[in-house]
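Q: Before we look at individual residues, could you show me how to read the computed features of a model like this one, beginning with the general idea and then turning to the case at hand?

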Amino acid sequence: MTATYSTSVFQPGIFNNMVVFCTGGAGTICRRQVEALVILGANAVIVGRKKEVTEKVAAEIQQLRNGSKVIGLSVDVRHYKALQEAVARSVEEFGKIDYVICGAAGNFLADFRHLSSNAFKSVVDIDLLGSYNTVKAAQDQLIQNKGSVIFVSATLHYYGVPFQSHVGAAKAGIDALSNALAVELGPFGVRFNCIAPGPIDGTEGISRLLPKGMKERARKSVPLQRFGTIDDVANATVFLFSPASSFITGATIVVDGAAWHTGQQITLPYPESILDSDELGFASTSKSKL
């Protein structure tokens, strides 16, 4: 992770007095999204399952700008009541919620033959149901403040990616949810969009999907000849929450350097990894621990 988010392209203070509520806020990508908004003036609530980690990250983000406040709350997004309480706590602290980032996610590598029903359900529950629960809990604030929501999606369901059927299915559901909500809550002034990161350097996704020795080959398969950065995702976030995107809703911003258009799968070697999945140990690693 780079030490500082660069804000040279954006107007300082454009998010003054605004409040963002972010699930998965202690993770690599979502943390940088929140950092960008805080540096540009926002207050923030980050939500995560691990209390100590979430509170530590919140305290670190708060140090980025004098005058901004960031709190961390321990919540499992699979539990709607817990999210209701988190939203209430946020409104008590800040008086409102303007923006929501649905970024809580679960992932692991598992081929379909070794993927248990429970493991599949766990990922769908965290990614898709968790996103639904988050927006549902925050809907009154979003309508009242004519707010905006960003779902952190992916490009895994744009084509078949081995070892990722569970995540692809969950992210496809998130895209569909975003589209439907853009239509249903648009008349109330609420906007919904997705950001679909591709290969982002320094993230757990890259480290899991690319074994040692494959990273350089994968980088060259990206048309822009580099992996994305967490700042690339943060920049898309700032744009979608800014007044510059006030007429953009029901859209997906793909941040992948056109990687998915090439049809190159940034994953374990195919089909060898599928045929050898028993030997690779997936039979013992695909039971859900989420």
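A: Let us begin with burial: a residue is called buried when its relative accessible area is under 20%, exposed when it is over 50%, and partly exposed in between. Please keep in mind throughout that this is a predicted model.

Q: With that cut-off, is Val 255 buried or exposed?
A: Val 255 has a relative accessible area of 13%, and because buried means under 20%, it counts as buried.

Q: Where does Val 255 sit, and which residues does it touch?
A: The residue belongs to strand S7. Once residues up to four places away in sequence are set aside, Val 255 touches Ile 195, Ala 196, Pro 197, Gly 198, Ile 200, Asp 232, Val 233 and Ala 236.

Q: How many helices and strands does the chain have, and what is its overall extent?
A: The chain has 10 helices and seven strands, and its C-alpha trace spans about 55 × 40 × 40 Å along the principal axes.

Q: What do the totals for burial, contacts and surface tell us about the chain?
A: Buried residues make up 51% of the 290 residues. Among contacts between residues at least 6 apart in sequence, 79% join residues at least 24 apart. The accessible surface comes to about 13300 Å², and 55% of that belongs to carbon and sulfur atoms.

Q: How far apart are the mean positions of the positive and negative charges?
A: The chain has 27 positive and 25 negative charges, and their mean positions are 3 Å apart.

Q: Where is Glu 35 found, and is it buried or exposed?
A: Glu 35 is found in helix H1, which covers residues 28–39, and at 6% relative accessibility it counts as buried. Leaving aside neighbours within four places in sequence, Glu 35 is in contact with Ile 61 and Leu 64.

Q: Where does Pro 162 lie, and how far is its C-alpha atom from that of Ala 104?
A: Pro 162 lies in the loop between S5 and H5, and with a relative accessible area of 11% this proline is buried. Its C-alpha atom and that of Ala 104 are separated by 22 Å, the residues being 58 apart along the chain.

Q: What is phi of Lys 146, and in which loop is that residue found?
A: Phi of Lys 146 is near 50°, a positive value in a residue other than glycine. Lys 146 is found in the loop between helix H4 (117–144) and strand S5 (148–152), and at 57% relative accessibility it counts as exposed.

Q: What about Ala 258?
A: Ala 258 is not a glycine, yet it has a positive phi of about 70°. Its loop runs between strand S7 (251–255) and helix H9 (272–275), and with a relative accessible area of 30% Ala 258 is partly exposed.

Q: How many disulfides are counted?
A: A disulfide is a pair of cysteine sulfur atoms within 2.5 Å, and by this rule the count comes to zero. Cys 30 is in no disulfide, since the nearest cysteine sulfur, that of Cys 22, is 4.3 Å away and the cut-off is 2.5 Å. At 4% relative accessibility, Cys 30 counts as buried. Cys 194 is likewise in no disulfide, and the nearest cysteine sulfur, that of Cys 102, is 9.3 Å away. With a relative accessible area of 1%, Cys 194 is buried.

Key: Residues numbered from 1 in each chain as written. Predicted model: local features only at pLDDT ≥ 70, side-chain atom pairs only at ≥ 80, totals over all residues. Heavy atoms only, no water. Buried < 20%, exposed > 50% of the residue type's maximum accessible area, 1.4 Å probe, protein only. Helix = DSSP H or I, 4+ residues; strand = E, 2+ residues; numbered from the N terminus. Contact = heavy atoms within 4.5 Å. Areas by Shrake-Rupley, 256 points an atom, 1.4 Å probe, with all protein chains shown as cover. Lys, Arg positive; Asp, Glu negative; His and termini not counted. Charge placed at Lys NZ, Arg CZ, Asp CG, Glu CD.
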